[in-house]
Amino acid sequence: MPRLGQKYAIDVETITRSREEYQSEAYRASGWPAAPAVMVGEEVVAQGLEITEEKLEAAIRRHLGLTP
């Protein structure tokens, strides 16, 4: 992800929490996706372990209004 952030000049933020925090009632109420997940803007691009670089790059391009 950092490489794609550099390629498209966008900020990449990594959020890490303990397993207990992800499983807490407060986290579930927050509306954030279950971990692990990848979001571009407000779009959840992937949840779980299945994310390809191509899928992530396509989501970044959509978010920036670029052609696929």
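User: Is A9 buried or exposed?
Analyst: A9 is exposed, because its relative accessible area is 71%. Buried means under 20% relative accessible area, exposed over 50%, and partly exposed in between, with a 1.4 Å probe and protein chains only.
User: Before we go on, what kind of model is this, and what are the ground rules?
Analyst: This is a predicted model; local features need pLDDT of at least 70, side-chain atom pairs count only at pLDDT 80 or more, and totals for chains, interfaces and linings use all residues. Residues are numbered from 1 along each chain as its sequence is written, and side-chain values use heavy atoms, with hydrogens and water left out.
User: Back to A9. Where is it?
Analyst: A9 lies in the loop between helix 1 (2-7) and helix 2 (19-22). Helices (H or I, at least four residues) and strands (E, at least two) are DSSP runs, numbered from the N terminus.
User: What about the phi of A9?
Analyst: Phi of A9 is positive, about 50°, although A9 is not a glycine.
User: Which residues does A37 touch?
Analyst: A46 and Q47, leaving aside neighbours within four places in sequence. Contact means heavy atoms within 4.5 Å. Q47, in strand 2, also stands opposite A37.
User: How do strand 1 and strand 2 pair?
Analyst: Strand 1 and strand 2 (residues 43-47) are antiparallel, over four bridges. Two strands pair if DSSP finds at least two bridges between them.
User: What about the hairpin turn?
Analyst: Two residues sit between the strands of that hairpin, and G41 takes a positive phi near 65°.
User: Which residues are on the covered face of strand 1?
Analyst: In strand 1 (residues 37-40), V38 and V40 form the covered face. A37 and M39 are on the uncovered one.
User: Which peptide bond is cis?
Analyst: The bond joining A35 and P36 is cis, with omega about -10°. P36 is in the loop between helix 3 (25-30) and strand 1.
User: New topic: E57. Where is it?
Analyst: E57 is in helix 4 (residues 53-64).
User: Why does E57 count as buried?
Analyst: E57 counts as buried because its relative accessibility is 17%.
User: Which side chain makes a polar contact with the side chain of E57?
Analyst: That of K7, at 2.7 Å. A polar contact is a pair of N or O atoms within 3.5 Å; within protein, one must be able to donate a hydrogen and the other to accept it, and residues adjacent in sequence count only if both atoms are side-chain atoms.
User: Which residues is E57 in contact with, leaving aside its neighbours within four places in sequence?
Analyst: E57 is in contact with L4, K7 and Y8.
User: Zoom out. How many helices and strands are there?
Analyst: The protein chain has four helices and two strands. From the N terminus on, the order is α-α-α-β-β-α.
User: What does the C-alpha trace span along its principal axes?
Analyst: About 40 × 20 × 15 Å. Of the 68 residues in the protein chain, 19% count as buried.
User: How much do residues 24 or more positions apart contribute to the contacts?
Analyst: They account for 27% of the contacts in the protein chain with a separation of 6 or more.
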